Amino acid sequence: IDINYVSDNLGIGGTLFMTAICIICFLCGLYCIRKFLKGGYQKSITNYIESCPNQELAKEKVEHFLETTPKVDGLQYNEEFICGNSSGTIMFGELEKLAWVYFKTSRTKRSTSYYLVFRFMDRSSYEIWMLNPQDAQKHLDKLAELCPKTVFGYSDELNSLFYKDMDEFLKLRSGVESEN
């Protein structure tokens, strides 16, 4: 073993390629850190606060909600707001703007994953991972009590209606019968 020997198998091209890969990885890391520090993963919270006429009051309400509402199985909700973590991005919204909630199962060869899917009137959508179907059903039951106007459960017809005709979907949500 020659300790001071450096192999030249990569050559200048390989060295430049590996250097470029390292620089790209470094820049991606800097981008993620910058986004985190600027609150980019909390966009739904900042959008809510910015959309309110009294932003100071809205900020206080959100802070009070986040501090006093217990987190259960990755979700926080009360009569006014709902919050959860969706793959590193924060889901946050007003319960009155929650249009549709349903349970989703994702199967691979080796595992099964469970999610609650939340869709809001602005068509934003979040999938919150659940440990098991029982936890998901517990949340669905509690949310059904808090949000009687929200549509619960999945069907292809609901999915199509949600994306193609939001006005008709909102009529379903409010309990008004469709004219078709």
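**View 1. What covers the buried residues of helix H2.** Helix H3 (55-68), strand E2 (81-86), strand E3 (89-94) and strand E6 (125-130) are among the elements that cover the buried residues of H2. Those buried residues of helix H2 (residues 43-51) are Ser44, Ile45, Tyr48 and Ile49. Looking down the axis of H2, you find them within an arc of 135 degrees, so they line one face of the helix. On the other side of H2, Glu50 and Ser51 are exposed. Here buried means under 20% relative accessible area, exposed over 50%, and partly exposed in between, with a 1.4 Å probe and protein chains only. The arc is taken from the directions that lead from the helix axis to the C-beta atoms. Helices (H or I, at least four residues) and strands (E, at least two) are DSSP runs, numbered from the N terminus.

This is a predicted model, in which local features need pLDDT of at least 70 and side-chain atom pairs count only at pLDDT 80 or more, while totals for chains, interfaces and linings use all residues. Residues are numbered from 1 along each chain as its sequence is written, and side-chain values use heavy atoms, with hydrogens and water left out.

**View 2. Helix H2 against helix H3.** The two helices H2 and H3 pack at an angle of about 145 degrees, and their axes are 8 Å apart. From H2, the contact takes in Ile45, Tyr48, Ile49 and Glu50; from H3, Gln55, Ala58, Lys59, Val62 and Leu66. Sorted by class, the contact of H2 with H3 has six nonpolar, one polar and two charged residues. Contact means heavy atoms within 4.5 Å. Axes are lines fitted to C-alpha atoms, for helices over the stretch in contact, and angles run from 0 to 180 degrees between N-to-C directions. For the classes, Ala, Val, Leu, Ile, Met, Phe, Trp, Tyr, Cys and Pro count as nonpolar, Asp, Glu, Lys and Arg as charged, and the others, Gly among them, as polar.

View 3. Three strands make an open sheet in the order E1-E2-E3, with antiparallel pairing. Strand E1 (75-77) and E3 are the edge strands, each pairing on one side only. From one strand to the next, the twist averages 15 degrees. E1 and E2 pair in the antiparallel sense over three bridges, and tyrosine 77 has isoleucine 82 in E2 as its bridge partner. H2 packs on this sheet and touches E2 and E3, its direction making about 35 degrees with that of E3. H3 packs on the sheet too, touching E1, E2 and E3, and its direction makes about 65 degrees with that of E2. Two strands count as paired if DSSP finds at least two bridges between them.

**View 4. Strand E4 between E5 and E7.** Strand E4 (residues 98-107) and strand E5 (residues 112-120) run antiparallel and are joined by nine bridges. They form a hairpin, with four residues between E4 and E5. With strand E7 (residues 151-152), E4 pairs in the parallel sense over two bridges. Follow valine 101 here: its bridge partner in E5 is phenylalanine 118, and in E7 valine 101 stands opposite phenylalanine 152.

**View 5. Aromatic rings around tryptophan 100.** Ring pairs link Trp100, Tyr102, Tyr154, Phe162, Tyr163 and Phe169 into a cluster. The whole structure holds 14 aromatic pairs. In one of them, the rings of tryptophan 100 and tyrosine 102 have centres 4.7 Å apart and planes at 45 degrees, so the pair is tilted. Both partners are buried: tryptophan 100 has a relative accessible area of 0%, and tyrosine 102 one of 7%. The rings of tryptophan 100 and tyrosine 154 have centres 5.9 Å apart and planes at 10 degrees, so this pair is stacked. It links distant parts of the chain, 54 residues apart: tryptophan 100 is in strand E4, and tyrosine 154 is in the loop between E7 and helix H5 (156-164). Tyrosine 154 is partly exposed, at a relative accessible area of 40%. Rings of Phe, Tyr and Trp (its six-membered ring) pair if their centres lie within 6.5 Å; planes under 30 degrees apart count as stacked, over 60 as edge-to-face and the rest as tilted.

View 6. Most residues other than glycine have a negative phi. Aspartate 73, however, has a positive phi near 50 degrees; it lies in the loop between H3 and E1 and is partly exposed at 31% relative accessibility. Arginine 123, also not a glycine, has a positive phi of about 70 degrees. Arginine 123 sits in the loop between E5 and E6 and is partly exposed, with a relative accessible area of 38%.
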